[in-house]
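Biologist: Can you walk me through this model? I'd like to start with the strands and then talk pockets.

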Amino acid sequence: MEPGTLLYDPATSKVGEYQDSAGPYALLRPVGGGREWQADPESLRPATDQERLSAGVRAANARARTDAPFLVAVTPQPAPDCATCAELSELRATARTALDYSAETDANVLLRKHRSEAHPV
């Protein structure tokens, strides 16, 4: 496993970022940072798109409680030629088509966060 890979741990029902191994265990850290935990590498599997999105939104929401407020009335637009922006925009479009407004909002939160970190004005 590559460090940084997002994996689902069924024992804790959490998505974690693979850090390293320690003896017979895999070390996972919550998305967005936090305390690592040990997991059985045999039970881990790659996180689904929905699980990755949910974990990212939880991390963004945790940061939003301490970060300055941001404008949420304007729908964020993807940056040209950015694969991550395109992926998040596609997730938003899929959610909008399915009338899943919660997932649409989640995708907007992640796109806004990505834009601020990867494409600062």
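**Strands and a pocket**

Modeller: Strand β2 (residues 14-22) is joined to β3 by six bridges, and the two run antiparallel. Strands here are DSSP E runs of at least two residues and helices are H or I runs of at least four, numbered from the N terminus; two strands pair if DSSP finds at least two bridges between them. This is a predicted model, where local features need pLDDT of at least 70, side-chain atom pairs count only at pLDDT 80 or more, and totals for chains, interfaces and linings use all residues. Residues are numbered from 1 along each chain as its sequence is written, and side-chain values use heavy atoms, with hydrogens and water left out.

Biologist: Which residue in β3 is the bridge partner of G16?

Modeller: P30. In the hairpin of β2 and β3, G23 takes a positive phi near 65°.

Biologist: What order do the strands of the sheet have?

Modeller: β4-β3-β2-β1-β5, an open sheet with antiparallel pairing. β4 (37-39) and β5 (45-46) are at the edges with a single partner strand each, so one side of each has no neighbour in the sheet.

Biologist: New topic: what volume does the largest pocket have?

Modeller: About 370 Å³, taken as the space filled by probe spheres set on grid points joined across faces, edges and corners. A pocket is an open set of points on a 1 Å grid over the protein atoms alone, where a 1.4 Å probe fits, with protein on both sides within 12 Å along at least five of seven lines; lining residues have an atom within 4 Å of a point.

Biologist: Which helix gives the most to the lining?

Modeller: α1, with six residues.
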